[in-house]
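Biologist: I am new to this structure. Walk me through the terms, please.

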Amino acid sequence: MPPISQEGNCLIYRGSNFLKQRLVLSCLSGKPVKITQIRVDDEQAPGLREYEISLIRLLDKLTNGTKIELNPAGTSVMFSPGLLHGGPLQHDCCVQRGIGYFLDALIALGPFCKFPLQCTLRGVTNSKDSPSVDHIKGAALSLLKRFLLVDEGLELRVVRRGVAPLGGGEVYFSCPVRKSLRAIQFQEQGMVKRVRGTVYACKVSPAMANRTVESAKGCMLKFLPDVYIYTDQNRGKISGNSPGFGICLLAETTDGVCFAADCISNTREESDTPSIPEDLGRDVAMRLLDEIYRGGCCDAAYQWLAALYMALGQKHVSKFLTGPLSTYTVHFLQHLRDFFSVTFKLENPDADDDDEDDVRGAQKVLLTCVGIGYTNISKRVL
């Protein structure tokens, strides 16, 4: 949705959709953003949700000189970004959303901070509405390494697990800073060579994790032999505040592309019927196979991150092959045009009849753009 108007440098949007995209791009571009009429039709709870306010607080901690104005009803927010500062940071995330919701913003902003980011986040490590920490560690960080070139100082570590609804988990994320990102040409996804996975169980019987492993492994071994899933049994203080279990599978290709899929058990609030471990294992295997079918050079959940780094890269042509674009990515491309005046060329590469590998899977999309040469103004040239 394009901005409804523009006052000088300030972009004005309407509605609560894609709030995180707009705030992140505002921080990077330095352009203030005003968002009005946030859930005005919701009579029960109009305005910003608690997790959205928590995200705004996190961005405020990450920056210097940010000005935030909220109207009393919370249905309008004016966000004037300051300079990205980084450094050591601690934040208690709202348990309405998983830590992945907040980590996405940190991964996008981390390389452009003044000081390397060293962030401790507390809350829900695994939830249904956000990518899990394991998903981000496999899919998002492998993509970030391609643009950073070196991964020294890049780390995502689960200190404590905490599942929905009460959380109690803790993760540590560190990210190095860069003066600029390189342009990238990445059009070969390769063949899947191995599958790795993690099954975690918090405050439930260890048998739940073992049954989930057997089910998921049974499905994946029909396709390739190199499958290894390890269990993360949590007891006592490190198991968070709620019972639950779940699984994250990662498929790695010969060219270093990672596809990921998550599944987590139901909470009592969501459903009266408890989750069956065998169903969970089978579901996550099917989701991973669907992700592999979509293909491309990144996971579907992080197409937007590849587009962001391409747009901010050096002033050279970048090309990146993805699977079918998600709705989230389509809107992100529109927001990149609003904030940075960057447009992408989208095309479906023709499958070569001689190359059967290209014919398999869903129709691919080739993203092409010229980077704007975004420079981290805070990082001194060494």
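Biologist: What is the bridge partner of Gln-185 in S17?

Modeller: In S17, Gln-185 has Lys-319 as its bridge partner. This is a predicted model, where local features need pLDDT of at least 70, side-chain atom pairs count only at pLDDT 80 or more, and totals for chains, interfaces and linings use all residues. Residues are numbered from 1 along each chain as its sequence is written, and side-chain values use heavy atoms, leaving out hydrogens and water.

Biologist: What makes S12 and S17 a pair?

Modeller: Two strands pair if DSSP finds at least two bridges between them. Two bridges join strand S12 (residues 185-186) to strand S17 (residues 317-322). These strands run parallel. Strands here are DSSP runs (E, at least two residues), numbered from the N terminus.

Biologist: How do S17 and S19 pair?

Modeller: S17 and strand S19 (residues 365-370) pair over six bridges, in the antiparallel sense. Phe-320 stands opposite Leu-367 in S19.

Biologist: Why is Ser-242 called buried?

Modeller: Buried means under 20% relative accessible area (1.4 Å probe, protein chains only). Ser-242 has 2% relative accessibility, so Ser-242 counts as buried.

Biologist: Where is Ser-242?

Modeller: Ser-242 is in the loop between strand S14 (227-234) and strand S15 (244-253). A polar atom of the Ser-242 side chain lies 3.0 Å from the backbone nitrogen of Leu-166.

Biologist: What makes helix H3 mostly covered?

Modeller: In helix H3 (residues 99-109), 11 of its 11 residues are buried. Among them are Tyr-101, Phe-102 and Asp-104. Helices are DSSP runs too (H or I, at least four residues).

Conventions: Buried means under 20% relative accessible area, exposed over 50%, partly exposed in between (1.4 Å probe, protein chains only). A polar contact is a pair of N or O atoms within 3.5 Å; within protein, one must be able to donate a hydrogen and the other to accept it, and residues adjacent in sequence count only if both atoms are side-chain atoms.
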